Amino acid sequence: MNKAGGIGIGGGGGGVGSGPTAAAAAAAAQKQKALMQRVETDIANIVDNFTQLVNVARINDTSVRNSQEAFMMEMRAARMVQAADSLLKLVSELKQTAIFSGFASLNDHVDQRISVFNQLAEKTDSMLARVGEEAAASLKELETHYYSSAQRTSQTLEP
Amino acid sequence: MDGKLEMSLDKLPVKRLESIEENGIERFPTDIGYDEKRVSLIRRIDFAWAVEKEDEEKKQKKPKKGSRESSSTTTPWPWQNMAENLQLAHQELSVIIDLINTVEANDAVTVAGMTRPKPLPNEILADLAVSTATKLQCYRNLGKYFKQSARALEQQVAREARFYGALIRLQQNWKVKRQRVGAIAPGNEGFMIDLFDNSLYDSVAVLRPSSLSTIRVDHGSDGMLAINLPSKSCHSLLFGFLSGHSNAGPMKSNKIKSHGSLEHPSKKPEKESLSDNECVKDTHSLLRKVHQAIFDEQVFDMVNCGAINQSSGLNVTGIQENYLQLCIDPGISVFVSLVLSDQGDQVVDSEGPQKLESAVLPLDSLDGVKLAEEKHNSRTKKPCFPNCTSCEIYLKQIFHEYVFVKANDRPFSSGTRISSQPANDGSGLLSHFCLSLSHRIFSNKVLMELENVVCRVPYLHLISHPTWHSRASAWTIFMKIPPSILHASSQTRTPDFQSIKNVVKSEFRTKVVINDDCINIEAEGAPNVVGVFKESSEDICSSNKYDCNLDDFPVIILQQVASQVIRWLHEEALAVGIKANRDFLCLSFELEQGEILNLVAHVDPEDTRGCISWWLIMEDGFAEERKLHMDIADGASEYRKFLGYLPLDVLYLTLMDLVSLCGGGSR
């Protein structure tokens, strides 16, 4: 988590500049701060609840106290799971942000695909032209063969 | 208690004499105090029944225990002691409770208070053990809960990894957007794929956004990315011909059924067993089909707009929802419609073979000689329709190339697109398409006529010249003098003629070029028409170029060929030193007696035995008058002789005979 925070801060700091991207950079920094806050809150939540769970392991004399602690243990466990679920949602949000914010890689990929498809189109066009030429050559050859064939020649000789 | 009820009666509250002494003094018992009276009453309660019952039970247990021990002496029940202790405790408790109730019922005795006895050490330990066990059980339950939650979270992580992995792969080829407004239904992650090309909005403003432009991305049952399409939502373009000559129905294009179909991927029973790669591939192919469906819809919209445009000059004969009918030629109509993708396949599959069998003509244009032989008697000129599938592909191709591709290639320099009157583009393209179709049909008819002629004139060759233009076609009718004749003629030529450069042509070509529906014939070796009127046919143009219509086309071709043969014969006659006169289709020889012998070519496209026949006609000074009184139809008259459908070598020999008859030449 700390490493990710460090990288994120470095990336955010590098992007700060003047012009139209300043507002975007500020918004990104604010969002990053909020996400870090959420992460810290959730992890603190998990640690605190787990600490409390361990602390109530002592057996008390009164059964009422023991029952009370049993209910508290269930509550703490539920809170821990809720915090874990919140962390998971945060990871999903980060993945969505990565999907919709990776413009550089997307643009590169799109350009690459465009060039590939252009090449494919050119190749197809040349192939079609070649097919046409071969068809024309084959047609000419077939016509020549037909008109010089015995069947046609015998038809010629017949009055 | 048993059924018996024992009753005891209190003594009457009368002082009874206890004793009398000898002196007569009576002694009465002392009065009993309240406490003593209470204690005595308590003592009067008989617990014998309980004690007896206990004894009986003990006695019963002992023989049972003895029997048990006798039957199974190996393993006593571990909880036996505990059960007995609990039973005893239960009995004592019930006794005490009955005592308390009885005492309270009497109102004479009440329970003043109870004090918990000080717990014994073993009881303290027992309580502690119970508490410990309870807490341990709690922790174990928590452990199970954590394990269950961890498993669920792991599954969710795996599902999301699969989902987002697939989404990232889809994003590399498609435009993925996030839904920002509106309630997101459960199961829907809020993503959608946008298939509409908004770069065309400025250039083709008439395009309506398709209902399929945005596709929602959902979670499948296995967590995998899934795409839901409404049923019967995808349409495909269908093209066909409608002919007034045909008794059959419309001829439609065959839909090439590609792999897969427009079904929801999750509906396939084997979906769960497919890997992620295969799922992504299936999704890609599904999106591609939807993209094609959107393209077909856009093409149909542009066709509609182009047809309705009044400046297009197109004749719209029918229009319905998703259906447009155009008349491209008299008696020939085409239709363009949008059909459901699954329905199009079914329609074609069920009607395809029947339509092909009952079609007027084969879809392919490779009609060839066979067709000519079948139809040589028919002058109805039934249309030869080109392949519907190829026409459909051509329609899509021209719209794609001239609208979509050129729209994307336009510069973005000023931020505004250069509008080039999209309405005219659409109508212009449609007009071009209709003209191409009519040209294709017309050229098929011309080809039929050419093949008809070539089939019946054996010394003609037909050479095709692919133009690779949708509205132009070209052929050449080639006639070559056989080498044997050339050799023979070279031996019979006069020395003077031999010294001259050989000007006798041995090859004659007649080029037929069709542009749209205009037939242009360019022939070489034909006499100059003007020279014919000047009675001098020696002025020969190297080539003649002229247009004609389809009805006169066969005759003109045959006349051209016949004139070329006449020219060749004329040159051969000149080569042997005979002076011959050449008319358009007639070669004249002057005999010694002043008579004129004419070798005349007769052309008839309808003659199945041969299109070019030869006649020998004798003329003298009075032949003109006699002709008026002669039966022209009599081919065996003394002035006319039908020679038949002569090949070139026989014609050459006939010429030589005529030369010898003329009495001139080197022979």
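Of the 667 residues of chain B, 39% count as buried. This is a predicted model. Chain B has 15 helices and 21 strands. Its accessible surface comes to about 39,600 Å². Carbon and sulfur atoms hold 54% of that surface.

Now turn to one sheet in chain B. Five strands form an open sheet in the order 17-18-19-20-21, with antiparallel pairing. Which strands of chain B lie at the edges? They are strand 17 (580–582) and strand 21 (640–644) of chain B, and each pairs on one side only. From one strand to the next, the twist averages 20 degrees.

Look next at one pair inside this sheet. Strand 18 of chain B covers residues 586–590, and strand 19 of chain B covers residues 596–603. The two run antiparallel and are joined by five bridges. Within this pair, Glu590(B) stands opposite Ile596(B) of strand 19.

Helices pack here too. Helix 13 of chain B, residues 553–575, packs on the sheet. Helix 13 touches strand 17, strand 18, strand 19 and strand 20 (612–619) of chain B. Its direction makes about 160 degrees with that of strand 17 of chain B.

Helix 15 of chain B spans residues 648–662. This helix lies across strand 18, strand 19, strand 20 and strand 21 of chain B. Helix 15 runs at about 25 degrees to strand 18 of chain B.

Methods. Residues are numbered from 1 along each chain as its sequence is written. Chains are lettered from A and ligands numbered from 1 in the order in which they are written. This is a predicted model: local features need pLDDT of at least 70, side-chain atom pairs count only at pLDDT 80 or more; totals for chains, interfaces and linings use all residues. Side-chain values use heavy atoms; hydrogens and water are left out. Helices (H or I, at least four residues) and strands (E, at least two) are DSSP runs, numbered from the N terminus. Buried means under 20% relative accessible area, exposed over 50%, partly exposed in between (1.4 Å probe, protein chains only). Accessible areas come from the Shrake-Rupley method with a 1.4 Å probe; for residues, only the protein chains shown count as cover. Two strands pair if DSSP finds at least two bridges between them. Axes are lines fitted to C-alpha atoms, for helices over the stretch in contact, and angles run from 0 to 180 degrees between N-to-C directions. Contact means heavy atoms within 4.5 Å.
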